[in-house]
Structure formats: structure tokens, C-alpha cells
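Trainee: I'd like to learn how to read a model like this one, feature by feature. Could you walk me through it?

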Amino acid sequence: MIDERQIASHEKKKVALISVFAAIFITCFKLFIGLLTHSLGILSEALHSGLDLAAAIITFFSVRISDKPADSDHNFGHGKIENFSAFIETILLLITCVWIVHEAVHRLITGKVRIEVNIWSYIVVLTSIIIDYSRSRALSKAAKTYNSQALEADALHFSTDIWSSTVVLIGLIFANFGYYLADSIAALFVAFIVIFVSFRLGKRAMDALLDRTPTTILTKIDAALKGIPEITNYHDIKVRTAGADTFIELNIHVKSKLTIKQSHEISHRVEKKLRDTIERCDVHVHTEPEMQE
């Protein structure tokens with residue numbers, strides 16, 4: 001188990017670090033081309049990528065800390081740091097939106113738009129789409145393999161960059177034919193996409209930080225318990241998540257004629273079945289005799 005966790009931790013840190021270097025490259029590239037062409041769409045994407053870089057760095061450090069084992073000060077481990085990093089990403093995304101919307105509306109109202117569209121404008125956007133696609137796939141694969149909420153949030157984050165870059169590309173095409181305001185409109189679309197993703201990320205992060213019970217986990221628990229005929233009833237199910245870890249407490253009822261040893265074996269079967277069903281799951285089962293038989 002320790003070896004598997006070490007391997008998972010190493011792979012998570014590796015994919016997070018690659019994402020950081022990719023974010024550094026694409027942010028600098030977008031900023032340079034945006035300043036060169038005066039494109040608000042590209043500059044907004046550069047700012048977006050800059051905050052993506054901050055988010056990638058936060059994710060890298062969060063996955064390093066989250067896999068540390070529980071200690072005397074953190075009895076449930078350090079997994080919540082992943083949820084907190086996802087919440088920070090939400091704040092960074094919303095900050096991006098404020099600047100994009102302000103600049104786009106200002107240009108639309110004043111009509112003062114001057115954009116130089118050249119081959120580099122298209123190269124930087126297409127490069128961004130390719131890199132973000134590769135990043136998103138790598139992060140998503142690692143998130144599913146190692147049940148990492150921080151990497152999953154990053155994957156969702158970067159997958160939306162593909163759509164926002166596509167919108168900017170459309171704006172550049174219109175600007176190339178003299179419709180310069182299309183660039184500002186494209187920037188507003190980027191902002192709307194970012195706002196949508198921000199609320200999704202923010203809700204999931206807050207649900208985890210406030211220990212909201214995931215309905216999918218409850219469904220898995222219900223299915224697992226119904227598959228054990230010795231259980232006559234179960235109640236007081238409590239579930240909390242912390243990063244990749246899930247903690248479950250529940251009470252089960254068994255027939256009163258069973259011995260203490262038999263009841264104990266049933267509780268162990270429940271714990272094993274839930275651990276097999278839910279990855280990185282810590283289960284505590286309290287067994288009670290069924291009074292009415």
C-alpha cells in the first residue's frame with residue numbers, strides 16, 4: 001500500500017510539474033504576441049494563461065502536500081489541501097474575468113480598437129490549443145488513475161482554455177477582414193467561459209471543504225451493503241472527502257443470534273467491500289444486534 005501511494009504521489013507530481021512548464025511557455029508566448037499585435041483577445045488569453053500558471057504551481061505544491069500521511073495534528077491526512085487549491089483556482093479565474101470584461105466593454109463603447117493581425121497571431125493561438133489539449137488529457141488521465149481532485153480541477157481548467165482559444169481564433173479571423181470589434185466580443189466570450197468554469201470549480205471545492213456528502217458515494221455504499229444478506233439494516237452513514245481520500249462511518253444491524261466473532265467478521269466484510277468499491281477509502285463500521293426478528 002505504501003509503495004502504491006509513493007508511485008501515485010510521484011506520478012501526480014510529475015504531471016503537475018510538466019503542466020507548470022507548459023504554462024510558463026504558453027503564457028510568455030501569448031504575452032509577447034499580444035503586445036506585438038495589440039490584440040485584446042490574445043492579451044486576455046495571456047492573462048488567463050498567467051493565472052493558469054499560478055493555478056498550476058498551486059496544484060503542484062498541493063499534490064506534494066496532500067499525499068503526506070496523517071499525523072498527530074492532521075488525523076485525517078492532508079488531502080484537504082487539494083480542495084483548497086481548487087478553491088484558489090476559482091478566485092484566480094474570477095480575477096481574470098474582471099479585467100477581461102472591463103477592457104472589452106471599454107473598447108466596445110469607445111470604438112478605439114487597433115489590432116495588427118499577422119501569422120504569429122494565428123501561430124500562438126493554435127499552439128495554445130495543441131498544448132492545452134495535451135495538458136488536459138494528461139491531467140485528466142492522472143486524475144482518474146489516482147483519484148486526485150486537484151488534478152481533475154486542473155484538467156477541467158485547461159480543457160476550457162481550448163474553447164476560449166478557439167473563440168479568440170474566430171475573433172482574429174474577423175479582425176483580419178476589418179471587423180476589429182470582433183476581437184473584443186471574442187474576449188467577452190472568453191470571460192463567460194471562464195465564469196462558467198469558475199462556478200463549477202468553486203462549487204465542487206466548497207462542497208469538499210464543507211464536507212458535503214457526495215451522492216455518488218452514497219449510491220455505491222447502498223449497492224455494496226445490499227449485497228451482504230447478513231445485514232438487516234444500516235443507518236447513520238457519514239461520508240467526508242479530503243483530496244483523494246474518502247472517510248466513511250456507518251452503523252449496521254445483524255441478527256442478534258450471531259456471536260461477537262461472527263458479527264465482527266461481517267463488519268470486516270463490509271469494510272473490505274467498500275474499500276474495493278471506493279478507492280483510497282477509510283471505513284469504520286459499528287455493528288449492532290437487530291432487536292426485532
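Trainee: Which residues is Asp132 in contact with, leaving aside its neighbours within four places in sequence?
Mentor: Contact means heavy atoms within 4.5 Å. By that rule, Asp132 is in contact with Phe158, Asp161, Ile162 and Ser165, once its neighbours within four places in sequence are set aside. Keep in mind that this is a predicted model, where local features need pLDDT of at least 70, side-chain atom pairs count only at pLDDT 80 or more, and totals for chains, interfaces and linings use all residues. Residues are numbered from 1 along each chain as its sequence is written, and side-chain values use heavy atoms, with hydrogens and water left out.

Trainee: Which element does Asp132 lie in? And is Asp132 buried or exposed?
Mentor: Elements first: helices (H or I, at least four residues) and strands (E, at least two) are DSSP runs, numbered from the N terminus. Asp132 lies in helix H4. For cover, buried means under 20% relative accessible area, exposed over 50%, and partly exposed in between (1.4 Å probe, protein chains only). Asp132 has 2% relative accessibility, so it counts as buried. For a sense of distance, Asp132 and Ser263 are 131 residues apart in sequence and 53 Å apart in space, C-alpha to C-alpha.

Trainee: What does Ser136 touch, leaving aside its neighbours within four places in sequence?
Mentor: Ser136 is in helix H4, residues 119-146. Its contacts, with those neighbours left aside, are Ala155, Phe158 and Ser159. Ser136 counts as buried because its relative accessibility is 10%. Phe158 also turned up in the contacts of Asp132.

Trainee: How do I check the length of a helix, say H5?
Mentor: The expected span of a helix is 1.5 Å times one less than its number of residues. H5 covers residues 149-176, so its 28 residues should span 40 Å; the end C-alpha atoms are 41 Å apart, which agrees. H5 is also mostly covered, with 20 of its 28 residues buried. Gly178 follows H5 and has a positive phi, near 95°.

Trainee: Where is Asp211, which has a positive phi although it is not a glycine?
Mentor: Asp211 is in the loop between helix H6 (181-209) and helix H7 (215-226), and its phi is about 60°. With a relative accessible area of 31%, Asp211 is partly exposed. Asp236 is another non-glycine with a positive phi, about 50°. Asp236 lies in strand S1, residues 231-242, and counts as exposed because its relative accessibility is 52%.

Trainee: How far apart are Ile24 and Phe189 in space?
Mentor: They are 24 Å apart, C-alpha to C-alpha, and 165 residues apart in sequence. Ile24 belongs to helix H1, residues 2-37. Ile24 counts as partly exposed because its relative accessibility is 34%.

Trainee: Zooming out, how many helices and strands are there in the protein chain?
Mentor: Eight helices and three strands, running α-α-α-α-α-α-α-β-β-α-β from the N terminus on.

Trainee: What radius of gyration does the protein chain have?
Mentor: The radius of gyration is taken over C-alpha atoms, and the globule rule is 2.2 Å times the number of residues to the power 0.38. The protein chain has 24 Å, whereas a compact globule of 293 residues would come out near 19 Å. Its C-alpha trace spans about 85 × 35 × 30 Å along the principal axes.

Trainee: What share of the residues in the protein chain is buried?
Mentor: Buried residues make up 47% of the 293. As for contacts in the chain between residues at least 6 apart in sequence, 75% join residues at least 24 apart.
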